[in-house]
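Colleague: I am new to this one. Could you walk me through it, question by question?

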Amino acid sequence: MNLYDGKTTRQNVQSPASELAQSISAAAASASPKYFYNALGSKLFEAITQLDEYYPTRTEAAIFQANHSQIAQAISQTGISQPCLIDLGAGNCAKAATLIPHILPHQYVPIDISTDFLEDAAEQLQQNFPALDIIGLGMDFSSQLELPPQVQTHDRVFFYPGSSLGNFEPAQALDFLSLIANPAQGNASGLLIGIDLVKDSATLEAAYDDALGVTGAFNKNLLLNANSLMASDFNLRQWQHVALFNREQSRIEMHLEAKQDLTVSWPGQQRDFKSGERMLTEYSYKYTLDSMTELLQQAGFKNIKHWTDSQQWFAVFWAEV
């Protein structure tokens, strides 16, 4: 297993400290959800996936379990003979581990912003599949998709599970999918993607605000990560977790809400927050089968197939380029 640090190739990409400073100091404060994922954040998200309220992970896993052979057949029918499985936001690589025995990739490329967490996960996966060529890539793929020359250029199958596409605004999601399909960038042969579907508000909100408070801790951990990245002085006790479904926008929103008037400082700057003022930390757009199909078509994909659970809470799409 080789680990490649994608940060070393970035040019003209805003640093985490400056990006956070800019978004937090804006009139409507926000922080990108990618900053959830330091080592602790990655472990907290693993815990979230085990919660009763958090249906997406187990529902998606059940779809893959029930349709592995059909998914493998769809990939094969595309003409892909030596798949290069490019796992976006690989995390602990568990989802890919269940897929690898069925699609038999020639190369596996897990990508994650949390490099240390990725390295441990990829090394464990290598023990399970010793003959598999694994190239771990620590990078923020949301800002650039420049893959190293070690990654094969043909038969690329992009794997984007977990409905993480929902973290993009619809226009940004279209741009990102188009980037994957672009021969000069992602150069995909196909895309296998998991998408959370629109459903009742109570089910959605419980999934992002569990009774045990794990999601709240995950949200607040962003502040710890910000303190580390930008030398700020966020005090977690001054903030509370808020999650709600914005039906008009068809998205779940997560916020951190100030419990009192407070000031956050970092080198050369500070930001005042009023009691009750919120900082947006994540939105997760929910799609319908039709709206996701249309989005994939607009991005340049074709021959689109999908599989769902019996309640149609979640869907897995396969799309060719």
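Modeller: Contact here means heavy atoms within 4.5 Å. Keep in mind that this is a predicted model.

Colleague: Leaving aside neighbours within four places in sequence, which residues is L88 in contact with?

Modeller: Sequence neighbours within four places are set aside. Apply the 4.5 Å limit to the heavy atoms of the rest. The contacts of L88 are then I111, F141, L145, F158, F159, Y160, P161, F176 and I180.

Colleague: Which residues touch the most other members of the largest nonpolar core?

Modeller: Nonpolar side chains tend to be buried together in soluble globular proteins. The largest nonpolar core here has 38 residues. Those touching the most other members are L88, L165, L177 and M292.

Colleague: Which element gives the largest share of this core?

Modeller: Several elements give two or more residues to the core, including β2 (84-88), β3 (107-112), α6 (170-181) and α9 (289-298). The largest share is five residues, and its source is α6.

Colleague: How many residues are in the second, separate core?

Modeller: M230, A243, L256 and M279 are among its members.

Colleague: In the open sheet of three strands, which strands stand at the edges?

Modeller: The strand order is β7-β8-β11, with antiparallel pairing. Two of these strands have a single partner each, so one side of each is left without a neighbour in the sheet. The edge strands are β7 (239-246) and β11.

Colleague: Which helix packs on the sheet?

Modeller: Neighbouring strands of this sheet are turned by 20° against each other on average, direction ignored. The helix touches β7, β8 and β11, and its direction makes about 115° with that of β7. It spans residues 214-230 and is α8.

Colleague: Now for another strand. Which residues of β13 point the other way from F314, V316, W318 and E320?

Modeller: Side chains in a regular strand alternate between the two faces of the sheet. In β13, seven of seven residues are buried. F314, V316, W318 and E320 point one way; pointing the other way are A315, F317 and A319.

Colleague: In β13, what is the bridge partner of H306?

Modeller: β13 runs antiparallel to β6, with seven bridges between them. Strand β12 (residues 302-308) also pairs with β13 in the antiparallel sense, over five bridges. In β13, the partner of H306 is F317.

Colleague: Which residue takes a positive phi in the hairpin of β12 and β13?

Modeller: Five residues lie between the two strands of this hairpin. The positive phi is near 55°, and the residue is Q312.

How values were computed
Residues numbered from 1 in each chain as written. Predicted model: local features only at pLDDT ≥ 70, side-chain atom pairs only at ≥ 80, totals over all residues. Heavy atoms only, no water. Core = buried A, V, L, I, M, F, W, Y, C linked by side-chain atoms within 4.5 Å. Buried < 20%, exposed > 50% of the residue type's maximum accessible area, 1.4 Å probe, protein only. Helix = DSSP H or I, 4+ residues; strand = E, 2+ residues; numbered from the N terminus. Pairing = 2+ DSSP bridges. Axes fitted to C-alpha atoms, helices over the stretch in contact; angles between N-to-C directions.
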